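Dear colleague,

Please find the structure below, handed over for your records. My notes on its pockets and on one strand pairing follow.

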Amino acid sequence: MKISKKWLSQYMDLSDMSIEEIADKITSAGLEVEGIEKMSQGSNLVIGKVISCEDHPDSDHLHVCQVDLGDKIEQIVCGAPNVAAGQKVIVARVGAKLLGGDIKAGVIRGQESNGMICSLLELGVDPHQLSEESKNGIEVLDEDAPVGNENPLGYLALDDEILDVGLTPNRNDCMAAWSMALETGAILHKEVNIPYVEGAANVGEASRLIVRSETEKCPLFLGKVINSVTIKPSPKWMQRRLASVGIRPINNLVDITNYVMEEYGQPMHAYDLDTIAGHEIVVKTAQDGEKFTTLDGQERIMDKDVLMICDGEKAVGIAGIMGGENSMITDDVKTMLFEAACFDGVNIRKSSKRVGLRTDASGKFEKGL
C-alpha cells in the first residue's frame, strides 16, 4: 500500500512530524514501512520564463535561450526539442544539485550557459507517471506559473514523500487512503477528518438503467448514469495524487475511477452508456470457451466459472478484472455509466489466473473489500 504524506495530510495535521517519524510510528505499531520515496528531487530551482530562443550557431539541435529568473536574466544553452520563447519553465540555477549531478556554469560550443532548463525526468519523477511528451522534452508550465518562484516542485505538488507500507493478508482493511488515514490517526493520536459522502450520488432524475445479478457471487452491483460528459485532463491535484501511488493519469473519467479506488478502496469502472444495449446490465457466468476482447486489445478465453458483465445483447466486461474493448470510453462519449460492485474474492482470484490478467481492481477484490 502506497500513500503520500500530502494525501494523509488531507485528513489530519502532520505539520509537526517528518515522514521518517511517521514511518517509525507506523512500523512500531505493526504495519511495516518498507520504504520512503520522494516524488521528485532537486535544489536551487526556480520558475523562469524563456524570453528568447535562438538556434545555436554551431549546432543543429542546441538552442541559446535568454531566461528571466525573476531577479536576473541568464543565458542557458538547451538541447530540448520543445523549448520555445514565451514558455514558463523550471530552471536549475548554477550550484543546483540534481540526480544527475551538480549544475555548473560553462561554455557549450562557444556559448555561455548559466544553468539548465529541466525536464521532470531530470528532477527524479518516475518515468512511468509521465507522458511521452514530458519524457522527451522540458516541462512547460501553465501560463499562471509565477516567475521567480523558488519552489517549483511545490508549485507542481511534486514536493511529496511516499510511504510504501507492507500489509499482511489480514490487513486488507488498510488498502485505501481513508482506511490508512484512520489507522495512522489512531497510531499517532491525531484527530482524523474523513469527508462525509453519504448520499452524494443521490442527485438528478432516476435513469432508465436496469441492473440485476444472476449469481450469488455478485451480491451487489450499483450503476450511476452521468450525462453531458466531456473528456479532458483531470485537475492537477488529482493527477499528482494518482502519480504518488504509481498510477499514470489518463483523463478525467479514468482518473475518477482510479482515485475512488485508491481513496475509498472500491474499484470502479466506466462504460460508454451508448454502447450498452437496452441500458441493461446483467452479471452472470460465462460460457465455456467464450471469447472476449478486453480493453487492452487482447482476446481471452473464458470458462463457466468466470463472471461476466453483460448488457441486453453481449458481454461488456470481465467482472472485477477489466472492461471490454466494445464499451471503452472514447473522446466522443456523451453519456456514461459508473459501476461499483462487490464480487466474491475467491472467484475473482481464480478468474484472474484463468484468463491470465491481474489488475489493480482484481487485487482489491481478491483480498476482500
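**Pockets and a hairpin**

The largest pocket holds about 1200 Å³ of space. This is a predicted model, in which local features need pLDDT of at least 70 and side-chain atom pairs count only at pLDDT 80 or more, while totals for chains, interfaces and linings use all residues. Residues are numbered from 1 along each chain as its sequence is written, and side-chain values use heavy atoms, with hydrogens and water left out.

A pocket is an open set of points on a 1 Å grid over the protein atoms alone, where a 1.4 Å probe fits, with protein on both sides within 12 Å along at least five of seven lines; lining residues have an atom within 4 Å of a point. Volume is the space filled by probe spheres set on the points, which are joined across faces, edges and corners.

The largest pocket is lined by 37 residues, with A200, A201, N202, K224 and M268 nearest its centre. Strand 15 (220-226), helix 7 (252-264) and strand 23 (336-342) each give two or more residues to this lining; the largest share, 6 residues, is from strand 15. Helices (H or I, at least four residues) and strands (E, at least two) are DSSP runs, numbered from the N terminus.

The second largest pocket has about 770 Å³ of space. Of its 31 lining residues, V254, T257, N258, H269 and L295 are the closest to its centre.

Elsewhere, strand 4 (residues 63-68) and strand 5 (residues 73-78) run antiparallel, joined by 6 bridges (pairing requires at least two DSSP bridges). Q66 stands opposite Q75 in strand 5. The two strands form a hairpin with 4 residues between them, and G70 in the turn has a positive phi of about 95 degrees.

With kind regards
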